[in-house]
Amino acid sequence: MLTRKQHELLTFIHEKLDATGISPSFEEMKEALDLRSKSGIHRLITALEERGFIRRLAHRARALEVIKLPEARAAAKKPRSNVIEPNFKRRPEALVGAVSGGDGVVEMPLWGKIAAGTPIEALQNNDTTVGFPASMLSSKEHYALEVAGDSMIEAGILDGDTVIIERADTAENGAIVVALIDDMEATLKKLRRKGASIALEAANPAYETRIFGPDRVKIQGRMVGLLRRY
């Protein structure tokens, strides 16, 4: 599944090639997607290339070839943003079931993989759910993500773990959060505010802290639980 920005860029490249036979320049792509810098375009092109939607033509400047487009059914729909917008309603009679001991278990959506390492496009909607004890959750909305990467190992979060996230748009310093960077990359990191800046800290000395302006980072939830299969 493509993120909204990936879908927009692929569509723009395809329409430009179809109309002129010439690939758009990085400046044209940046302006079309209303991005601040060309580095965002580089990341989007790399992501599209890795997913097999486009190909860079060797020995030719600004030459791109569209190999495939999303399926017609997906293209007919509004591209799904990678901003988390769960559309489920919390209905206790549907979500809480009986388990041994009389406690309830909440079934919540598993929204895909989240990077604990190099940020990746994440949060793909699917029909998978995971259960978690209701007594350990607040009354707010929750969702689950599968961890990919090792940057949070010293916080006890391992590659392949499932983290339980309480939906929130803010969090206290030191909280482990789902952070969306530049509306394109989602990552699981420890939040630190440093003056007007936001620092996303790893829990692994092999990874450096990344610092951003406040307008580049959106908090999409804070971690409140973890599931691990042995």
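**Salt bridges, a helix pair and a pocket**

There are 16 salt bridges in this structure, each a side-chain nitrogen of Lys or Arg within 4 Å of a carboxyl oxygen of Asp or Glu. The model is predicted, so local features need pLDDT of at least 70 and side-chain atom pairs pLDDT 80 or more, while totals for chains, interfaces and linings use all residues. Residues are numbered from 1 along each chain as its sequence is written, and side-chain values use heavy atoms, without hydrogens and water.

Take one bridge. E28 and K16 pair through their side chains, 3.5 Å from N to O. E28 sits in helix α2 (residues 26-32), K16 in helix α1, and the two are twelve residues apart. Helices here are DSSP runs of H or I, at least four residues, numbered from the N terminus.

Next, α1 and α3. How do they pack? The angle is about 85°, and the axes lie 10 Å apart. Axes are lines fitted to C-alpha atoms over the stretch in contact, with angles from 0 to 180 degrees between N-to-C directions. So α1 and α3 are roughly perpendicular, a label for 65 to 115 degrees.

Which residues meet? From α1, K5, Q6, L9 and L10; from α3, I41, L44, I45, A47 and L48. Contact means heavy atoms within 4.5 Å. The α1 and α3 contact residues comprise seven nonpolar, one polar and one charged.

Last, the second largest pocket. Its lining counts 14 residues, with L35, R36, D182, D183 and M184 nearest the centre. Helix α3 (residues 38-50) contributes the most to that lining, three residues. A pocket is an open set of points on a 1 Å grid over the protein atoms alone, where a 1.4 Å probe fits, with protein on both sides within 12 Å along at least five of seven lines; lining residues have an atom within 4 Å of a point.

Conventions
Angles under 35 degrees count as roughly parallel, over 145 as roughly antiparallel, 65 to 115 as roughly perpendicular and the rest as oblique. Ala, Val, Leu, Ile, Met, Phe, Trp, Tyr, Cys and Pro count as nonpolar, Asp, Glu, Lys and Arg as charged, and the others, Gly among them, as polar.
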